[in-house]
Structures are given as C-alpha cells and as structure tokens.
Amino acid sequence: MTDPLLELRSVNKSFGPVQVLHDVDFRVYPGQVTALVGDNGAGKSTLVKTIAGIYRADSGDFAFDGKPVTIHSPKEAADLGIEVVYQDLALCDNLDIVQNMFLGREATSGGVVLDELTMEERARTTLASLSVRTVKSVRQSVASLSGGQRQTVAIAKAVLWNSRVVLLDEPTAALGVAQTRQVLDLVRRLADAGLGVVLISHNMVDVLEVSDRITALYLGRVAADLPAKESNLSQIVELITAGRSGDIGIPAATAAESA
Amino acid sequence: MSEQTAPASAEELVPSRHSPAQRVQHLLHRNPALSPLIVLVVAVLVFGVVSENFLRPQSLSLLVQQMAVVGALAVGQTVIVLTAGIDLSIGMAMVLSSLVMVKLNFDHGVPGPLALLIGIAAGILTGVVNGVLVTRINLPPFIVTLGTFSIFTAVALLYAAGQTTALPDDSFLLWTGETIRIGSVGITWGVLLMLVLYAGVGFALRNTAWGRHLYATGDDRDAAELAGIRTKRVLLSAYVVAGVTVGVAAWILCGRVGGADPNAGLNYNLMSITAVVIGGTSLFGGRGLVIGSLLGALIVQVFNSGLALAGVDPNYQVLATGILVILAVAVDQWIRRVKA
C-alpha cells in the first residue's frame, strides 16, 4: 500500500475536563476515500477541526507527505493543501459562484484590483475538471442554486487551490436522492484524481459504496480502521454503537473507561 | 436563502415557469439600484409636469446642491449598512468634524488645508470609536451609535459652547460652496466632491477584495470567517471608511452653511439612513450599492423640492419621505424572498 498523505498519531484533545479525542491514529491515503464514521459525540467534528487547524491538539504527531508538521491555524492547514467543506457549506448567498470560490483568496491584478477574468476562467476550468455540468453559469448567484449544486460549488472551492486532502463534513445530509448521487460521484472523482478524501457521513450505505477505508470512532477512540471491501453494514453499525464487533474494536474495559 | 426544490427539478435552472411578478422580483434582486432609479425618473417626470419651474437648470442645480451633504454622508452609511450595521451617530460626527475644521481655522488661525486635514482626522476618529466598540467589545452597532450620538452631540455643544461660527468669505474651507459653471448649469465643488466620493467607494466595493469581503461579511459573517476573512477587521474598516466620508461631508457642510453650527446634526443622521434605505440597500446587510444611496438622496430632495415648488404645505414633504421609506423596506423584504 502507498504511504499515507496525512497521518495523525496518538492525538489527544480535551475541552476542559472532557477528553474528546483519546490517542487517535488517523491516516488519509492519496487516491482513496477514507470514511470517518461514528455516533454523535464520537469526536468526528473535533478530529476534522483539529486537522483543519481550528482546534489545536493537546498532544500527538502530525505528518504530511511523511514529514512531521504542525497545524496551528486554518491558514497553515490550507498552506499544506488541506481543505475542509463544512456541513453548513460556508457560502455567501449574495455572491455568485466565482466570488464564493475565490472568497478570501481573490486574484488581483497589480495587487489591488480584482482580476475577474482570471477568476472566472479558473472557476470554469475547475468545475469542468470535476465534470460538473449542472451549473448553467459561473456568474449565477449562489442563492439560486439547489442543495446539490451548492455542495458542488463548496467542493469545487476546496479543490481549486491544488489541495491534496479534502475533508467533507456530511456532504449529503441535506440532499435528495438524485443530488446525493451527484455528490457521491464527485467525491469518487476527487479520489480518482489522486486527492486524499475524508468523508464524514451518517449514511452507511453511502460510506460502503464510495469509500476505500473506514475509520470508526467510538467515544473519542478509534474503534477500527479497516478496508471498506472487508466490511459490511452490520459490522460498521456495531463499531459505531458499541465500539467493537466480533474480534475487532476497542476492548470492553477501555471503552467503559472513556464513557 | 436555502429553499430547496424537489430533487427532480433541481437541476433545471431555466426560469421558464415564473410568473411576471417573479420575473420582476428576480430583476430587482439582481439590480438593487433599479427600483430607486425608476422611482427617481417617475418623480422627476411627474414634478416636471406639475410645476413648470421644476425642470429649469437653476432648480435642478439647487436641488443637487441641497442634497450634497446628505449624499456624501450616505456613502459612509451605505458601507456600514452593507455590513448589517447602522450608524445613528454619523450626522453628529460630521458636525463635530466641521466644528473642528472651522474653529481651528477661525478661532486659532490654523491654515485652512491643515485645519481641514485635522477635521477629517477627527471624523476618522469618530469612526474608529464606533468601530472599536462594535468589533472589540462586540456591542450591537445600533446601541453603540445611539450612545456615541449623544456623546458626539455633547462634545460638539461643549466644544462650540453652543455657538455658531461663521467663516470669512475668503476661507479655504468655503471652497466646497463655490460654483463652477458648465453651460447654463451651476454646480458647486462640494457636489463634485460628493460624486468623487461615490466613484471612489463604489469602485472599491466593486473591484477590490476589500469590497468583496465587506459584502460577504454583511451577508453571512460565519461563512466569511470560515472562508478565511478576518471579519472583525472588515467591520472596523467599514467604520473607518465611514469616518472618512464624515470628514468630507463636514467640508461640504462648511461650504453650504458658511461655517459650523453645533445644532445642525440631528436631522442628518436619519436623512442618511433614509437615503440608503430608499436607495435599495438591505438593512440585513450584504445587498445594495452606493449608487443606490445617491439615487435615494436625490429622490428625497426631488420630493421636497417638487412639493415645495408645487406650493404644497412643507409638512407633506416629511409625510412623503416617511411613506417612501416604508415602501422601500417593504420592496426590499419582497425582493429578499426571491426563489431560485
């Protein structure tokens, strides 16, 4: 197997007296979709925000491309090529698609005046490279887009920056059947293009279908990290709800300790 | 807005099934300055028919001069309203700034250009005070500026000892009141200065990253923050820009009234908000254009002058302004409900 693009070892994170992450090991491989699953409160969002640089881990090692790194701010994460697509999408309704994709990182000519042509061109190229055909015009206001299209724009925004790891927080949670299909296809294409994709989802059918590896969190610990092919629905559900399934998972004593 | 359509129809973006009303709604949603422009054109035509004097060049140039101070203030007010804020102190800040200019120049013999710069700096300082209170102490802009309105009023009255100061005719500060002739139309430097302010701020809002960040912050502060924008800085910058317009407006005010009057500011606060609202800028932030506020200020002045020339009781001017404000906000609410 190839080396992981992003590797976390023994990451701990507490909020006051509450320890949310216990010695978490997490790996993201290039060209693969790694699903991050777990019940509410298992620590998925905390882990994502730690990777994104919004939270700072109390202890633990980060390695990117095999080299040790520190991520102390969202900007440091972005500089490494880590992008997050948040659940609430973080798009501004009053701006159009191009404006949203470049928000906070606008292209300028001469350092002051916005270079709209370059931005429009790059937005169009990125959307085309993702085989997105559902958007009529890149100058369309985001307010006029459907849920699936908004998700598409948010994902396109994340890959615009030559990013190498993209974390998707519940990308299909609010979508209908057809739109979920589109977004899952897009998630698969990102991985096929060589990116390391992290998919957080509550929908186990989606997870099994689109992901290569599954990392299950249970009360802040990694219950299992296994290839999706060797897994099945009931096993994952057991890992999520009980922390163990058959001979894999967290020993009952350890699980009780963190409960 | 996050209204979701049924999945099957979600990808059909062609607005083919829209009623005429929805089309108008869409058009106005895309062009926030369109409704004030229509109102202005209709108002000018109606008053032109009602009173023959209205469309004479002298009447029109006087009309524009009368709205120059409010017009300049409305630039700063627009920038703040775009961040979903409001500035209730902007008129008094202007009066304070004009007092600083005039008193330094007249009472203390400071040269006009220097007095002007210090006065503008005072205007910027008022913006910084508001901005710091809003961004660092996280107080709502409405409350902050309600408080600073009283503070600026008191400071202005104490500083001026309640007295009006008139400037000698040759003062540099009165330059904004001087007229230049273009054909039969006379226009003051103050009006030109106001237009320069609109052009400059309009350009910055439309064509710089700062402007883009301002619109984003006004629409959805959390989303802007997640996109990497330092929204506190953006908010503070809005109040600083408003402070600059306060200083420029103060200079135009000097030219208009020939000095400085500590009691003059009360109406300007609300008049600037009126211009912004009638100009189609949403009080919820993130939607609107400075050019709309220019149209808004013109509309108010057209109604005032038009009704005056038609010989209507002046109280009806106030009534008309009130109706316009409520109509403008109602239209904005309707436009904001636009669906895909």
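1. In this predicted model, 24 residues of chain B are in contact with 35 residues of chain A, contact being taken as heavy atoms within 4.5 Å. The two chains bury about 2500 Å² between them, and 58% of that area lies on carbon and sulfur atoms; buried area here is the accessible area (1.4 Å probe) that two parts lose on being put together, summed over both.

2. The rule finds one salt bridge across the interface of chain B and chain A, where a salt bridge is a side-chain nitrogen of Lys or Arg within 4 Å of a carboxyl oxygen of Asp or Glu. Arg212(B) forms a salt bridge with Glu116(A), and the closest N and O atoms of this pair are 2.7 Å apart. Over all chains the count by this rule comes to 20 salt bridges.

3. Within chain A, the side chains of Lys75(A) and Asp79(A) meet in a salt bridge with an N to O distance of 3.1 Å. Both residues lie in helix 2 (residues 74-80) of chain A, four residues apart, which is about one turn of the helix; helices are DSSP runs (H or I, at least four residues), numbered from the N terminus.

4. Also in chain A, the axes of helix 5 (residues 147-159) and helix 6 (residues 177-192) come within 9 Å and cross at roughly 15°, the axes being lines fitted to C-alpha atoms over the stretch in contact, with angles running from 0 to 180 degrees between N-to-C directions. That makes helix 5 of chain A roughly parallel to helix 6 of chain A, a description given to angles under 35 degrees. The contact includes Gln151(A) and Ile155(A) of helix 5 together with Val183(A) and Leu186(A) of helix 6. By class, this contact of helix 5 with helix 6 has five nonpolar, five polar and no charged residues, with Ala, Val, Leu, Ile, Met, Phe, Trp, Tyr, Cys and Pro counted as nonpolar, Asp, Glu, Lys and Arg as charged, and the others, Gly among them, as polar.

5. In chain B, helix 2 (residues 34-50) and helix 12 (residues 290-309) pack at an angle of about 20°, with their axes 9 Å apart, and they are therefore roughly parallel to each other. Among the residues that make the contact are Leu40(B) and Phe47(B) of helix 2 and Leu295(B) and Phe303(B) of helix 12. The residues of this contact of helix 2 with helix 12 divide into 13 nonpolar, two polar and no charged.

6. Helix 4 (residues 90-106) and helix 6 (residues 141-160) of chain B have axes that come within 8 Å and cross at roughly 25°, and that makes helix 4 of chain B roughly parallel to helix 6 of chain B. The contact includes Leu96(B) and Lys103(B) of helix 4, along with Phe152(B) and Tyr159(B) of helix 6. By class, the residues of this contact of helix 4 with helix 6 divide into 12 nonpolar, one polar and one charged.

7. On conventions, residues are numbered from 1 along each chain as its sequence is written, while chains are lettered from A and ligands numbered from 1 in the order in which they are written. Local features need pLDDT of at least 70 and side-chain atom pairs count only at pLDDT 80 or more, whereas totals for chains, interfaces and linings use all residues, and side-chain values use heavy atoms, with hydrogens and water left out.

Technical notes: Helices (H or I, at least four residues) and strands (E, at least two) are DSSP runs, numbered from the N terminus. Angles under 35 degrees count as roughly parallel, over 145 as roughly antiparallel, 65 to 115 as roughly perpendicular and the rest as oblique.
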